[in-house]
Amino acid sequence: MEKINCIGILTSGGDSPGMNAAIRAVTRAAIYHGYTVKGIMRGYKGLITGEIVPFQTQNVSNIIQQGGTILKTARSAEFMTPEGRQLAYDNMRKEGIDALVVIGGDGSLTGARIFAQEFNIPIVGLPGTIDNDLYGTDTTIGYDTALNTIMEAVDKIRDTATSHERLFFIEVMGRNAGFLALNGAIATGAEAAIIPEIATEVDQLAELIQNGFRKSKNSSIVLVAESELTGGALGLAERVKKEYPQYDVRVTILGHIQRGGSPSASDRILATRMGEAAIIALMEDQRNVMIGIDNDELVYVPFSKAIRNDKPINRDLLNTVKVLSI
Ligand code: F6P
């Protein structure tokens with residue numbers, strides 16, 4: 001193995017609260033252990049265009065509490081091409097970067113995996129996404145904060161739902177995963193969660209109505225995971241208007257508010273532990289792994305496993321929502 005002297009760090013894909021805490025931890029742990037650090041701007045895009053800056057401990061001062069990412073982020077189409085990756089590799093070499101820490105979600109770690117294989121580069125990933133959809137880690141950096149943002153928003157909508165005796169479909173993010181919708185429903189005492197994981201097995205809307213979800217209540221909140229599989233909040237509202245016109249239905253799409261804001265204590269702690277672990281992983285000659293957390297233990301998850309797209313969701317929680325919504 002080639003000796004690592006300089007570590008490059010980048011954030012890629014959708015930003016998530018806690019990315020800055022991770023950047024801080026990676027940078028400081030690397031410097032503590034004698035490495036030099038370079039910050040790569042705008043994800044893989046910056047690697048291709050050579051937007052790379054030397055990082056000292058001061059570059060990451062006063063950022064642990066900030067949402068977003070000081071390195072900026074992007075989704076790079078060029079990096080998906082062999083030519084783009086060659087340019088990225090050439091710039092890495094020119095800058096003397098021997099290894100990378102990539103903070104991002106599924107797409108970013110997929111890119112990392114290909115890049116690492118093509119050029120034999122040591123890369124360690126950190127799971128930075130609000131979606132919580134990476135396999136092999138109980139939770140991802142940003143998920144807890146997003147869940148809290150959802151909770152605060154839904155609590156407010158509940159006031160209107162109750163006052164007007166309405167049925168509200170509230171759409172939350174998650175790409176093709178229902179973690180935010182399901183746990184958001186638990187945290188807000190919502191009457192139901194409609195999630196992609198079971199969308200092909202049951203007609204969740206019909207089941208909800210048949211269960212008599214408004215038996216003892218005049219208002220209802222249903223959290224809907226964004227996804228073609230669920231039909232989204234707008235799709236479900238259209239169906240209700242046609243099939244169950246007795247309900248006064250409204251839709252709220254929470255959107256990018258879920259990605260912003262100061263990270264929660266949990267996300268700061270997670271990001272900090274994982275950031276330090278990324279440097280330890282490189283010191284231990286780990287290659288092409290994502291840092292995960294499993295029962296409070298930091299673990300190494302091979303990229304191939306992390307991006308499998310089949311992280312199991314706790315289906316028992318759907319029943320919990322149902323039982324408690326009487
Ligand atoms: O992966 C994070 C995420 O916020 C998803 O939940 C969502 O589907 C997607 O990114 C939105 O991406 P963009 O900000 O590019 O519209």
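Author: Two strands pair if DSSP finds at least two bridges between them. Keep that in mind as we look at this predicted model.

Reader: Happy to start there. In which sense do strand β1 and β4 pair, and over how many bridges?

Author: Strand β1, residues 6-11, runs parallel to β4, and 5 bridges link the two. For a landmark, find Gly8, which stands opposite Leu100 in β4.

Reader: And which strand do 5 bridges join to β4, apart from that one?

Author: That is strand β5, residues 123-127, and here too the strands run parallel, with 5 bridges. Look for Gly104, whose bridge partner in β5 is Pro127. Between these strands in the unit comes helix α4, residues 106-119: β4, α4 and β5 make a right-handed β-α-β unit.

Reader: How should I read the side chains of a strand?

Author: In a regular strand the side chains alternate between the two faces of the sheet. In β4, Ala99, Val101 and Ile103 point one way, while Leu100, Val102 and Gly104 point the other way.

Reader: Are those residues of β4 buried or exposed?

Author: All are buried, whichever way they point. Because 6 of the 6 residues of β4 (residues 99-104) are buried, the strand is largely enclosed by the rest of the structure.

Reader: Let's turn to the rings. What describes a pair of aromatic rings?

Author: The distance of the centres and the angle of the planes. This structure holds 4 aromatic pairs. Take Tyr44 and Phe79: their ring centres are 3.9 Å apart and their planes lie at 5 degrees, so this pair is stacked.

Reader: Where do Tyr44 and Phe79 lie?

Author: Tyr44 lies in helix α2 (residues 44-49), and Phe79 in the loop between β3 (52-55) and α3 (82-94), so the pair ties together parts that are 35 residues apart in sequence. Both Tyr44 and Phe79 are buried.

Reader: What about Tyr89 and Phe119?

Author: Those rings are stacked as well, at 4.4 Å centre to centre with 10 degrees between the planes. Tyr89 belongs to helix α3 and Phe119 to helix α4, so this pair ties together parts 30 residues apart in sequence. The cut-off for buried is under 20% relative accessible area; Tyr89, at 18%, is therefore buried, and Phe119 counts as buried at 18% too.

Reader: Which residues form one aromatic cluster?

Author: Tyr44, Phe79, Tyr89, Phe115 and Phe119 do.

Reader: And which charged residues lie over the face of a ring?

Author: Among them, Arg308 lies over the face of Tyr135, 4.1 Å from the ring centre. Lys311 lies over the face of Phe179, at 5.3 Å from the ring centre.

How values were computed:
Residues are numbered from 1 along each chain as its sequence is written. This is a predicted model: local features need pLDDT of at least 70, side-chain atom pairs count only at pLDDT 80 or more; totals for chains, interfaces and linings use all residues. Side-chain values use heavy atoms; hydrogens and water are left out. Buried means under 20% relative accessible area, exposed over 50%, partly exposed in between (1.4 Å probe, protein chains only). Helices (H or I, at least four residues) and strands (E, at least two) are DSSP runs, numbered from the N terminus. A crossover is right-handed if, with the strands pointing away from the viewer, the path from the first strand over the helix to the second runs clockwise. Rings of Phe, Tyr and Trp (its six-membered ring) pair if their centres lie within 6.5 Å; planes under 30 degrees apart count as stacked, over 60 as edge-to-face and the rest as tilted. A charge sits over a ring if NZ of Lys or CZ of Arg is within 6 Å of the ring centre and within 35 degrees of the ring normal.
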